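Below are my notes on the model, as numbered points. Please read them alongside the coordinates.

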Amino acid sequence: MLTSRTFLKRTRAGAVVKVVREHYLREDIPCGAAACRLCPPRPAGPGLGLEAQPSGAASSLCPGPHYLLPDTNLLLHQIDILEDPVIKNVIVLQTVLQEVRNRSAPVYKRIRDVIGNPEKHFYSFTNEHHRETYIEQEQGETSNDRNDRAIRVAVKWYNEHLKKIQDEDKIQVIFLTNDRTNKEKALEEGITAYTCEEYIKSLIANPDLVDRLACVSDEGKEIESGKIIFPEHIPLSKLQQGIKSGIYLQGTYRASRDNYLEATVWVHGDAEENKEIIIQGLKHLNRAVHEDIVAVELLARDEWVAPSSVVLQDDGQNEDDIENEEEKENILKTAVNKDMLRPTGKVVGIIKRNWRPFCGMLSKSQIKEARRHLFTPADRRIPRIRIETRQADTLEGQRIVVAIDGWPRNSRYPNGHFVKNLGSAGDKETETEVLLLEHDVPHQPFSQGVLSFLPKMPWTITEQDMKYREDLRHLYVCSVDPPGCTDIDDALHCREVENGNIEVGVHIADVSHFIRPGNALDEESAKRGTTVYLCEKRIDMVPELLSSNLCSLRSNVDRYMYMIHTLILTRNPRCLYVDFNRFLSHRLAFSCIWEMNHKAEILKTRFTKSIINSKASLTYAEAQMRIDSATMNDDITTSLRGLNKLAKILKKKRIDNGALTLSSPEVRFHMDSETHDPIDLQTKELKETNSMVEEFMLLANVSVAQKIYDEFPEFALLRKHPAPPPSNYDILVKAAKTKNLEIKTDSAKALAESLDKAESPTFPYLNTLLRILTTRCMMQAVYFCSGMDNDFHHYGLASPIYTHFTSPIRRYADIIVHRLLAVAIGADSTYPELTDKHKLADMCKNLNYRHKMAQYAQRASVAFHTQLFFKSKGVVNEDAYILFVRKNAVVVLIPKYGLEGTVFFEEKGKPTPRLDYNNEVPSLTVEDTTLRVFDKVKVNIMLDASNMQHQKIRMVLVEPKV
């Protein structure tokens, strides 16, 4: 049956046009019930459909067999309930799915996953194309009212339809809605309807499920005082008008980790003025949560403030103590130099909430048998959340997940609900799960759909595979990596050729041969974006068969490679005859080639797909030992010495051009072989071979960047490092002045030269400290599409163009670069998404986010294992250097452990010492002792486990004594 849908649409020019679309209605769409013989068989697809005899939780309201049918708002707000294993046999209408898709992409993905789970028996019913359930929108009826009516029509049809099934136990369809009007209309029409709360509370054997109910209305959940704490949010329509007219500014809200009464809003758009706005004080923060998109109103200039140097944590239990908050806000308001004042504003409305489920711990109420408790998130940037639970005794001391439901004006904290229990706090597995969830690291096992696109084993190279490849297995190629590395992306070779020049090859695993565009494996890799390395485990971007086997360039295995062979060219470059009988246990890979003279000047560069055979998989230490050995002169060692010699020349050239050599302390844990607890903690020692590999990876990345940009000026995926704004360097310049040193920051070259000259014969560690501090001044490097930007410069490397090509096993950006390069040299074909700059720009946005989150997760893993290390050490006394000075604390670095921590001078229950903070020096005088940046001090280090939620390394100043 054919009908038509008519609607009016306004064009960009402002004209109104009438649009008529054909809408097909069918009678053969199955209801999904396994017991139904009236409908045609259900087509193959995700899930198993509805059970013939519905299983699941028994309900006192609905004792008979029943299916559930939720409306849109219930699905949007109560997805945590619907995901619970107890809830089965749910009909999800097309009307509801379409609305959810338009309103919340994350919830839409979650419900699609539930529908695809065969154990849940969720069924998606296409009611908008069924002849008996499709309805037209009536005159004067809103779209929302029409959809509500369509849902009720579908419920009635289902109940009538299921009555026709000849079965002793008649199955009923229960309509679930939290919309009071919709429920009343359903009851008037003879439909059995309940709110979600009514139905969940009726479940006889699952009382704990009530805790997972989202608080969809703030009525009755507001704190008893009823006192208005926050200003009202301006409606979205008025906000949009205000942003358009310039009254308000739109930006991303970033809460402070160190001060819960302060935040920054990064304003969207290209305007340089007022790019960063400070928000201070509870009322001005106005219920915004970290990463929300907010509208901000700038305050008058005489109300502008400076970023606070006070460290304030929200540790109070009394949620009504607003006077105490006002006292803390007064601490922020101290006299400051006018030059330090920054644009200051207040949040007037929320444009988009970016709430997610939060990990943390329950702060149990001190009132006996109370149901209302505060939840303290693991992330200090997130406010505490008020939840109701009957499981407080069970959940105390556990890591749990909580979701925010709303934040009324008269509540100090947002309202939320319990989602799930992760396990005991302090347990290694639990804490790892927490840090992965908190940093949004996709870590679920690869699905069967993804794994189905892996090559079938045993895998061999075919004649088709060899079509565009060179056989380079005769070359003495080796890899140099950290100990225990199994996902080896890169290998190198170096040899002298007949004309006296040098041939250098950088060979990179050809992952793009296995991961083809658009399939499930490609989509999953793109979503993950990067491999995440934790202290004890690795979260792979690609399945292990690729990362540690087929693509890994381990020695003594033939691998398929994409080699950017910086060919120090032979006179007779060969595309060799290939004997396929030699391919017995082959794996796929990728390769590439340059020609250099002995001054490391590139004479020729070419790119080719190839086959290599790595002759040695070495650690940095093993490679260094070969280079330094007086007795080893084999081909691999000779190659390494040639590479090392050239790398030193390349590095000097880079530094002479203005490249920065910065420092960041990295630590390595030595684990107990049985308990896997850390037994030693050391800073990583870097050898010449680290620098050797780095130089050739950088050179390969620059060469490939230029090649793909030349071929695809609009579609090249590149990486840039923006120059920091001058204000970023203030702390570095002031700190250097305290040691009578001048740091010039007008260019990267001037900065590099200043750092090289910043030496002190009596203080050899000073230069390292300055480089660590310089690292903190830098901006984040980002991926971008060349057609969407005109600033390509990489500030830190002093390179006009750069990309990532050398790590495709662990970075998805490199896979895209490989595909572009393969098309550029005629080794592969293109596809639409590869030459769509808007899609590439969206991909870059995700890659930048995933890369940033991976870095944070790695740091969190190091912090947790550092706590484990000091847990068994008791109190440790060590030398430290002051890195930063705050109003009430100093941040110190302990070189022995590469460990950073904060020494506070205010302790609960102890008299507060006299503190005098000088921002110009910068310095902090505690009583009569003055502490400055870079001062050497002694500290006691211990684990502070008094707060189970935020266990931390506590540092106490020992020398000088204050």
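1. Strands E35, E36 and E37 make up an open three-stranded sheet, in that order, with antiparallel pairing. Two strands pair if DSSP finds at least two bridges between them; strands (E, at least two residues) and helices (H or I, at least four) are DSSP runs, numbered from the N terminus. The edges are strand E35 (915-918) and strand E37 (929-932), each with a single partner strand, so one side of each has no neighbour in the sheet. From one strand to the next the twist averages 20 degrees, where axes are lines fitted to C-alpha atoms, for helices over the stretch in contact, and angles run from 0 to 180 degrees between N-to-C directions. Strand E36 (residues 923-926) is joined to E37 by four bridges, and Thr-925 has Thr-930 in E37 as its bridge partner.

2. The model is predicted: local features need pLDDT of at least 70, side-chain atom pairs count only at pLDDT 80 or more, and totals for chains, interfaces and linings use all residues. Residues are numbered from 1 along each chain as its sequence is written, and side-chain values use heavy atoms, with hydrogens and water left out.

3. Another open sheet has five strands in the order E34-E33-E32-E38-E39, with antiparallel pairing. Here strand E34 (899-904) and strand E39 (952-959) stand at the edges; each has a single partner strand, so one side of each is left without a neighbour. Neighbouring strands of this sheet are turned against each other by 45 degrees on average, direction ignored. Strand E32 (residues 876-885) pairs with strand E33 (residues 889-894) over four bridges, and Ile-882 has Val-892 in E33 as its bridge partner.

4. Which residues line the largest cavity? They are Asp-71, Thr-72, Asn-73, Glu-99, Arg-103, Asn-144, Asp-148, Asp-179 and Asn-182. A cavity is a set of points on a 1 Å grid over the protein atoms alone where a 1.4 Å probe fits but cannot get out, and lining residues have an atom within 4 Å of a point. The volume of the largest cavity is about 70 Å³, taken as the space filled by probe spheres set on the points, with grid points joined across faces, edges and corners. Helix H1 (72-77), helix H3 (94-103) and helix H5 (143-163) each supply at least two residues of this lining. Its residues divide into no nonpolar, four polar and five charged (Ala, Val, Leu, Ile, Met, Phe, Trp, Tyr, Cys and Pro count as nonpolar, Asp, Glu, Lys and Arg as charged, and the others, Gly among them, as polar). The model has seven cavities of 30 Å³ or more.

5. There are twelve aromatic pairs: rings of Phe, Tyr and Trp (its six-membered ring) pair if their centres lie within 6.5 Å, with planes under 30 degrees apart counted as stacked, over 60 as edge-to-face and the rest as tilted. Trp-459 and Phe-514 form a tilted pair, with ring centres 5.7 Å apart and planes at 55 degrees. Both residues, Trp-459 and Phe-514, are buried (under 20% relative accessible area; exposed is over 50%, partly exposed in between, with a 1.4 Å probe and protein chains only). Tyr-765 and Tyr-881 are stacked, at 5.1 Å centre to centre and 25 degrees between the planes. Tyr-765 is partly exposed at 21% relative accessibility, whereas Tyr-881 is buried at 10%.

Notes: On a 1 Å grid over the protein atoms alone, a cavity is a set of points where a 1.4 Å probe fits but cannot get out, and a pocket is an open set with protein on both sides within 12 Å along at least five of seven lines; lining residues have an atom within 4 Å of a point.
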